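Here is a short walk through one protein model. Keep the 3D view open as you read.

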Amino acid sequence: MGFRPSTIIEPFRVKVVEPLPVTTRAERARHLERARNNLFALHAEHVTIDLMTDSGTGAMSQEQWAAIMRGDESYAGSTSFFELEKVLRDLTGKRHVIPTHQGRAAERILFGALVGDATDSLVPANTHFDTTRANVEAVGAEAHDLPVAEALDPQSDHPFKGDLDLERLRAFLDANAPRVPAVVMTVTNNSAGGQPVSLENLRAVRDLVDDYGVPLFLDCARFAENAYLIKLHEPGQGHRTTEDIAQEMFRLADGAWMSAKKDGLVNIGGFLVLDDDALATRCRNSLILTEGFPTYGGLAGRDLAALAVGLREVLDERYLDYRIASVRYLYEHLHARGVPLLGPPGGHAVYLDATRFLPHVPAGQLPGQAVAIALYLEAGIRSCEIGTVMFGHTQPDGTQATAALELVRLAIPRRVYTQSHVDYVAEAVGYVFEGAAELGGYRIVDEPPALRHFTCGFERAGAT
Ligand code: F0G
């Protein structure tokens, strides 16, 4: 039998260290004031634990740094491009591999090419991420979210809350199929709590789109986490390798785009993969206009090389075991302290349920922002409101149109923080939760017309 540890250890040791900024509460109060309580306006050197995003914030491996040195910077026909193309063809089965500098560039290019001059296009998805929605709308199309009902219930522990509601999709396609250039599945479903999509749902969506002749695209920023959660939780999938599951996910789609800053394990990068020759030509023509030549697409050759390595490393099940376990670890420690959470633990983040965290603060007074500000003030932890600040808007009478859920995302960068950092976060969130009754709401004092959460200012509600 031998030693069977229950501790899941980080499957790496540290070779380069980066100092962690430490500040006092008084300093943090001043930084908040200067930032007008918008955590996007903080300087990173004033943040002790940065859980704002898992995007581009991961640590690369020694193999990736070695690949950086080998990167081929040729303008055309870079060897690093062909390495990446091979990895992506093996993984996705798609012929055309088009690199982009990050996910949203791929979104702009793909939706521009899919929608063309049509003025009445509709794009349904399990849930669009905010840049996806913005890029769908920027080409004059409408984005529609059709998640399963469980996705909107923070207390449901349905294991695949990323699924798309098949009945709603069938009705949608019945009514609108000629106007639908593509159906999108975001894996995992970031805006709805980093929740995975099941293979069963993906297969059923494939069957449905086939009935209507509509292509299916994956927004696959966190495909490996999704594939591993399928292996863990979907009946009949436990015996398969994560790579095999991921390959099936891609085979079920006509194409995919990726923000490689997540499961690509790189700090910058993205791509589009697809089979349709005519669509690929339109995408490449658009790529050349703003991103660059098709064998580098806005990236350095070394970035392509590091991504080729990252896409293989991310499917290592020892890595994924640690990754999913570390998110679950934070979730369970917060749960044990009674902190209200969106369940079950998903792929890349733990989401606090601000509605239950601050029951005395109405949605219009931005409870998620209030929790995020308190976490920074008390412990130097930066998180991200995903609620009315991000998805709501100010109505003509000055009140807020509120979001469906008021969440605070604690996103976990890949291979960056250790278990003691996570213990510190659990202790800090528990402390803020114990004092929650003392926390008040906020209001927005100035805001831009779109994507307001990045730049708006906040002050305490009730303050003048
Ligand atoms: N799609 C999904 C599902 C995402 O999570 C993101 C980015 C994008 C597309 C856009 O990619 O940033 O490379 O242009 N999500 C980050 C986040 C920003 O914090 O969740 P990008």
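Helices (H or I, at least four residues) and strands (E, at least two) are DSSP runs, numbered from the N terminus. The model is predicted, so to read it note that local features need pLDDT of at least 70, side-chain atom pairs count only at pLDDT 80 or more, and totals for chains, interfaces and linings use all residues. Residues are numbered from 1 along each chain as its sequence is written, and side-chain values use heavy atoms, leaving out hydrogens and water.

Start at the surface. Tyr75 sits in the loop between α2 (62-70) and α3 (79-92). Its relative accessibility is 55%, so Tyr75 counts as exposed (over 50%; buried is under 20%, partly exposed in between; 1.4 Å probe, protein chains only).

Now go inside. Strand β5 (residues 183-186) is covered on both faces. Val183 and Met185 are buried on one side, Val184 and Thr186 on the other. β5 pairs with β6 (residues 216-219) in the parallel sense, over four bridges (pairing takes at least two DSSP bridges). Val184 stands opposite Phe217 of β6.

Helix α9 (residues 242-251) is largely enclosed by the rest of the structure, because seven of its 10 residues are buried. Among them are Ile245, Met249 and Phe250.
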